[in-house]
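Dear colleague,

Please find below the sequence and the structure that I am handing over to you. My notes on the findings follow directly after them.

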Amino acid sequence: LAAAAGRHCLTFHGAGEAQLPGAQACWTVDHGRDAVRDENWRALRAVAAAMADYPDLHLEVSVSVHAPLKAPVLLAARFGFHDLEAQPVMLRLARERATAILRALVVSEQER
(Lines give C-alpha, C1' and ligand atoms only; values in the text may rest on other atoms or scores of the structure.)
Protein backbone atom coordinates (compact mmCIF):
# COMPACT_ATOMS: atom_id res chain seq x y z
CA LEU A 1 0.00 0.00 0.00
CA ALA A 2 2.83 2.39 0.83
CA ALA A 3 4.33 1.75 -2.59
CA ALA A 4 1.01 2.45 -4.32
CA ALA A 5 0.29 5.61 -2.37
CA GLY A 6 3.88 6.83 -2.42
CA ARG A 7 3.94 7.20 -6.18
CA HIS A 8 0.94 9.50 -6.27
CA CYS A 9 -0.30 12.67 -4.67
CA LEU A 10 -3.77 14.17 -4.79
CA THR A 11 -4.01 17.77 -5.88
CA PHE A 12 -6.88 20.11 -5.13
CA HIS A 13 -7.63 23.61 -6.32
CA GLY A 14 -6.35 26.21 -3.90
CA ALA A 15 -9.06 28.16 -2.13
CA GLY A 16 -7.53 31.43 -3.24
CA GLU A 17 -7.25 30.59 -6.93
CA ALA A 18 -8.81 33.08 -9.29
CA GLN A 19 -11.94 32.15 -11.22
CA LEU A 20 -12.94 29.04 -9.32
CA PRO A 21 -16.38 27.84 -10.42
CA GLY A 22 -17.41 27.63 -6.76
CA ALA A 23 -16.23 26.65 -3.31
CA GLN A 24 -16.73 22.94 -3.98
CA ALA A 25 -13.94 23.09 -6.54
CA CYS A 26 -11.56 23.37 -3.57
CA TRP A 27 -12.33 19.87 -2.37
CA THR A 28 -13.37 17.83 -5.39
CA VAL A 29 -10.89 15.23 -6.66
CA ASP A 30 -12.16 16.06 -10.15
CA HIS A 31 -9.70 18.89 -10.66
CA GLY A 32 -10.39 21.39 -13.44
CA ARG A 33 -7.18 20.50 -15.30
CA ASP A 34 -7.45 17.15 -17.10
CA ALA A 35 -3.92 15.98 -16.30
CA VAL A 36 -4.36 16.70 -12.59
CA ARG A 37 -7.79 15.04 -12.50
CA ASP A 38 -6.37 11.95 -14.23
CA GLU A 39 -3.47 11.74 -11.77
CA ASN A 40 -5.84 12.09 -8.81
CA TRP A 41 -7.94 9.18 -10.07
CA ARG A 42 -4.84 7.06 -10.81
CA ALA A 43 -3.76 7.53 -7.21
CA LEU A 44 -7.20 6.72 -5.86
CA ARG A 45 -7.49 3.58 -8.01
CA ALA A 46 -4.05 2.43 -6.87
CA VAL A 47 -4.99 2.80 -3.19
CA ALA A 48 -8.40 1.16 -3.76
CA ALA A 49 -6.73 -1.78 -5.52
CA ALA A 50 -4.22 -2.24 -2.70
CA MET A 51 -7.02 -2.12 -0.14
CA ALA A 52 -9.00 -4.71 -2.12
CA ASP A 53 -5.95 -7.00 -1.96
CA TYR A 54 -5.83 -6.57 1.84
CA PRO A 55 -9.45 -6.51 3.07
CA ASP A 56 -8.45 -6.38 6.74
CA LEU A 57 -6.53 -3.18 6.15
CA HIS A 58 -7.94 0.01 7.65
CA LEU A 59 -7.29 3.36 6.08
CA GLU A 60 -7.11 6.72 7.78
CA VAL A 61 -7.32 9.77 5.57
CA SER A 62 -5.62 12.86 6.88
CA VAL A 63 -5.57 16.21 5.13
CA SER A 64 -3.57 19.20 6.24
CA VAL A 65 -4.09 22.77 5.13
CA HIS A 66 -2.23 25.91 6.06
CA ALA A 67 -3.95 28.45 8.27
CA PRO A 68 -3.66 31.90 6.71
CA LEU A 69 -4.43 35.07 8.65
CA LYS A 70 -7.60 35.47 6.61
CA ALA A 71 -9.65 32.73 5.01
CA PRO A 72 -10.57 33.00 1.35
CA VAL A 73 -13.90 34.84 1.20
CA LEU A 74 -15.42 32.17 -1.07
CA LEU A 75 -14.85 29.45 1.53
CA ALA A 76 -15.72 31.54 4.55
CA ALA A 77 -19.07 32.45 3.01
CA ARG A 78 -19.77 28.85 1.97
CA PHE A 79 -19.10 27.55 5.48
CA GLY A 80 -20.88 30.39 7.28
CA PHE A 81 -17.83 32.12 8.75
CA HIS A 82 -16.22 35.54 8.52
CA ASP A 83 -12.97 35.63 6.56
CA LEU A 84 -11.12 36.53 9.78
CA GLU A 85 -12.10 33.13 11.20
CA ALA A 86 -9.43 31.35 9.19
CA GLN A 87 -8.82 28.35 11.43
CA PRO A 88 -12.39 26.94 11.44
CA VAL A 89 -12.70 27.63 7.72
CA MET A 90 -9.50 25.76 6.92
CA LEU A 91 -10.41 22.89 9.26
CA ARG A 92 -13.72 22.55 7.46
CA LEU A 93 -11.88 22.57 4.12
CA ALA A 94 -9.62 19.76 5.35
CA ARG A 95 -12.67 17.76 6.46
CA GLU A 96 -14.38 18.31 3.08
CA ARG A 97 -11.25 17.15 1.25
CA ALA A 98 -10.92 14.03 3.41
CA THR A 99 -14.58 13.20 2.82
CA ALA A 100 -14.13 13.67 -0.93
CA ILE A 101 -11.15 11.29 -0.88
CA LEU A 102 -13.10 8.63 1.00
CA ARG A 103 -16.06 8.93 -1.36
CA ALA A 104 -13.77 8.70 -4.37
CA LEU A 105 -12.15 5.57 -2.95
CA VAL A 106 -15.59 3.97 -2.67
CA VAL A 107 -16.31 4.87 -6.30
CA SER A 108 -12.92 3.46 -7.34
CA GLU A 109 -13.66 0.20 -5.54
CA GLN A 110 -17.12 -0.06 -7.12
CA GLU A 111 -15.58 0.35 -10.58
CA ARG A 112 -13.35 -2.68 -10.05
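**Findings**

Asp83 is located in the loop between α3 (73–79) and α4 (86–110), where helices (H or I, at least four residues) and strands (E, at least two) are DSSP runs, numbered from the N terminus. Please note that this is a predicted model, in which local features need pLDDT of at least 70 and side-chain atom pairs count only at pLDDT 80 or more, while totals for chains, interfaces and linings use all residues. Residues are numbered from 1 along each chain as its sequence is written, and side-chain values use heavy atoms, with hydrogens and water left out.

Asp83 counts as buried because its relative accessibility is 15% (buried means under 20% relative accessible area, exposed over 50%, partly exposed in between; 1.4 Å probe, protein chains only). Leaving aside residues up to four places away in sequence, Asp83 touches Leu69, Lys70, Ala71, Val73 and Ala76, a contact being heavy atoms within 4.5 Å.

**Aromatic pair**

One aromatic pair is counted, under the rule that rings of Phe, Tyr and Trp (its six-membered ring) pair if their centres lie within 6.5 Å, with planes under 30 degrees apart counted as stacked, over 60 as edge-to-face and the rest as tilted. Trp27 and Phe79 form this stacked pair, at 5.6 Å centre to centre and 25° between the planes. Trp27 lies in the loop between α1 (2–6) and α2 (34–53) and Phe79 in helix α3, so the pair ties together parts that are 52 residues apart in sequence. Trp27 is buried at 7% relative accessibility, and Phe79 is buried with a relative accessible area of 9%.

**Helix α4**

Ile101 is placed in helix α4 and counts as buried, at 11% relative accessibility. With residues up to four places away in sequence not counted, Ile101 touches Leu10, Phe12, Leu44, Val61 and Val63. Ile101 and Arg42 are 59 residues apart in sequence and 13 Å apart in space, C-alpha to C-alpha.

Which residues line the second largest pocket? The lining consists of Gln24, Trp27, Thr28, Val29, Asp30, Trp41, Glu96, Thr99, Ala100, Arg103, Ala104 and Val107. On a 1 Å grid over the protein atoms alone, a cavity is a set of points where a 1.4 Å probe fits but cannot get out, and a pocket is an open set with protein on both sides within 12 Å along at least five of seven lines; lining residues have an atom within 4 Å of a point. Helix α4 provides the largest share of this lining, six residues.

Yours sincerely
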